[in-house]
Amino acid sequence: MSQVKKLSHVNYKKSFSLTILGIIGLLGIFAPLLMPHDPFAVDITRKFLAPSWEYPLGTDHLGRCVFSRILLGIRYSLGSALLIQMIAIILAIFLGAFVALKRGMIDFLFIRICDILLAFPTLVLAFGLLGLLGPSLKNVLIALIFTQLIYYSRMIRSLFIGMNEKEFIQAARISGTTGVGLIVRHYFPNVLPIIVTIVALDVGKVILEIAGFSFIGLGVQAPIPEWGMMVNEGKQYIRQHPELMLYPGLAIVLVVLLFNRLASSLKNFE
Amino acid sequence: MTLLEVKNIEKYYSQRQFIFRRKHEIPIIQKVSFSLREGECLGIVGQSGSGKSTLGRIILGVERPTNGEVLFQGVNLYEATSKDKKMVRRDLQAVFQNSYDSFNPKQTIFEILEEPLLNFEHYSKIERQHKVMELLDCVELANTIAQKYPAQLSGGQQQRINIARALALNPKLIVLDEAISSLDMILQKHILQLLQTLQKERKLAYIFISHDLQATHFMSDRILVMQHGQLMEEIQKGQTCQHPVSQELYNAILPSHPRGRNKIRY
């Protein structure tokens with residue numbers, strides 16, 4: 001009985017966070033249709049307006065509609081985090097699988113290089129890359145895809161190697177399955193749940209990293225309404241108008257929390 | 001005609017001690033040679049840890065021997081070109097002890113049985129379906145099982161699926177590594193009889209690795225007795241064993257009835 005209760009609780013947790021995240025995703029996709037104002041339109045005469053029916057969350061220091069900016073910001077914050085995770089995990093599956101099947105010298109070199117790169121904290125590594133590439137949204141994506149890729153390909157390599165000794169892999173080899181068939185039919189379906197959980201768990205982390213870069217000024221540049229960027233812009237007016245930092249900050253907290261909840265429910269369910 | 005020839009197989013596992021770099025080698029198999037004719041069943045018996053399973057894995061090509069060679073139909077397993085290897089793979093199949101572990105839990109029975117066909121035959125989907133049904137018939141399982149997952153089957157059913165998979169490609173030799181040890185007596189007998197009928201029908205050769213002497217006796221034309229990685233004796237069908245190690249093994253068989261105590265059988 002308690003088992004049933006626990007399961008339904010986990011299911012509820014999962015469907016709740018999935019639903020809210022789905023709504024947020026839809027809002028991001030249809031943002032141009034839903035925005036009451038142009039998020040880039042500057043109108044100095046209307047700066048720092050209080051929330052009203054016309055401006056649901058008021059306006060910022062340049063008279064831009066905060067609500068519209070947050071809606072469009074879903075695309076930059078959530079969208080790019082999902083993009084990063086997706087590209088990183090797909091590349092990592094190819095790289096990890098290749099290394100795990102080849103073994104030998106390639107594997108050895110791969111592991112040493114990963115060890116060296118992982119010796120730096122992820123943020124420092126991404127900072128270094130961004131410093132080399134210069135600040136822009138594209139470069140943030142590249143830097144974060146790279147850091148996630150190292151971590152994921154190493155993880156997938158060890159997941160695959162851990163399965164090498166499983167009897168059903170040997171049975172499949174005896175049945176004549178090799179290379180790609182082995183990965184697609186045997187390795188991949190058995191590690192998929194683990195991969196999904198870890199990728200979902202890290203989306204929150206990546207959103208925070210993107211926002212962090214923008215906040216420092218290394219990431220997304222000025223007019224783009226990324227949430228970290230908006231927090232950064234509101235920083236100068238924290239005494240008079242703290243809500244300018246509060247709204248995008250709350251948006252970040254909400255999305256990250258939902259993703260962490262989703263990931264923990266996936267983990268429990270497995 | 002000789003199907004399989006094993007020449008002077010040796011296998012060592014080395015333990016490297018880090019500081020002095022002195023290699024410490026543990027012998028698992030020492031100088032084992034034998035050969036197998038087509039359609040013959042060879043039993044290999046011995047205590048746990050005598051190297052029977054390792055020998056089986058070496059014959060299958062899953063593990064490399066330290067020295068020696070295995071010739072399957074005249075092809076050296078460890079120096080074969082990939083084309084030769086593929087041919088060997090087709091004629092040399094295995095049934096493992098742990099039936100559930102040798103299935104991918106995410107595949108249905110149909111997908112499991114389909115796999116060797118996908119790798120070697122150029123069948124259409126309908127032909128594959130027919131073949132899978134044929135295989136299920138062959139091991140006396142209902143067709144409805146095909147859509148189930150391995151976890152939904154009983155141990156005996158799983159083991160029969162394993163045998164069906166090994167039969168899918170019409171191999172010439174099947175290595176049965178403790179294939180029936182985890183089953184109950186009635187199922188054991190059932191599967192042994194099944195294996196014997198299949199052997200007669202298809203001229204299969206078996207290597208029957210087991211610590212169960214009675215089952216091995218039932219199946220085999222010849223029995224090799226192993227201890228500490230060495231061959232101690234070769235017993236032909238109908239002969240009695242001479243070597244003390246084999247005698248000890250045979251004396252360890254429990255009598256089926258209390259009246260039989262103290263009597264040495266065989």
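How much area do chain B and chain A bury between them? In this predicted model, chain B and chain A bury about 1600 Å² between them, with 52% of it on carbon and sulfur atoms; buried area is the accessible area (1.4 Å probe) that two parts lose on being put together, summed over both.

The model is predicted, and local features need pLDDT of at least 70, side-chain atom pairs count only at pLDDT 80 or more, while totals for chains, interfaces and linings use all residues. Residues are numbered from 1 along each chain as its sequence is written, chains are lettered from A and ligands numbered from 1 in the order in which they are written, and side-chain values use heavy atoms, with hydrogens and water left out.

**Stop 1: the interface**

Select both chains. Here 22 residues of chain B are in contact with 15 residues of chain A, where contact means heavy atoms within 4.5 Å. Now select Asn104(B), Lys106(B) and Glu115(B): in chain B these lose the most area to chain A, together 29% of what that side buries.

**Stop 2: chain A as a whole**

Select chain A and colour it by secondary structure. The C-alpha atoms of chain A fill a box of roughly 75 × 55 × 30 Å along the principal axes. Of the 270 residues in chain A, 46% are buried, that is, under 20% relative accessible area with a 1.4 Å probe, protein chains only.

**Stop 3: two helices of chain A**

Two packed helices are described by the angle between their axes and the distance between the axes. Select H3 (residues 66–102) and H8 (residues 179–216) of chain A, whose axes come within 9 Å and cross at roughly 145°. Axes are lines fitted to C-alpha atoms, for helices over the stretch in contact, and angles run from 0 to 180 degrees between N-to-C directions. The crossing of H3(A) and H8(A) is right-handed, meaning that the near helix is turned clockwise from the far one by less than a right angle. Among the residues that meet are Ile84(A) and Gln85(A) in H3(A), and Asp202(A) and Val206(A) in H8(A).

**Stop 4: Gln148(A)**

Is Gln148(A) buried or exposed? Gln148(A), which lies in helix H6 (residues 137–164) of chain A, is buried, with a relative accessible area of 0%. Leaving aside neighbours within four places in sequence, Gln148(A) is in contact with Ile84(A), Gln85(A), Ala88(A), Asp202(A), Lys205(A) and Val206(A).

**Stop 5: Cys65(A)**

Move to the loop between helix H2 (31–34) and H3 of chain A, where Cys65(A) lies. Cys65(A) is buried, with a relative accessible area of 1%. Leaving aside neighbours within four places in sequence, its contacts include Pro36(A), His37(A) and Tyr55(A). The C-alpha atoms of Cys65(A) and Asp38(A) are separated by 7.4 Å, although these residues are 27 apart along the chain.

**Stop 6: two helices of chain B**

Finally, select H3 (residues 109–120) and H4 (residues 125–138) of chain B. Their axes come within 10 Å and cross at roughly 115°, and H3(B) passes H4(B) in a right-handed crossing. Residues that meet include Phe110(B) and Leu113(B) in H3(B), and Val132(B) and Leu136(B) in H4(B).

Key: Helix = DSSP H or I, 4+ residues; strand = E, 2+ residues; numbered from the N terminus. Buried < 20%, exposed > 50% of the residue type's maximum accessible area, 1.4 Å probe, protein only.
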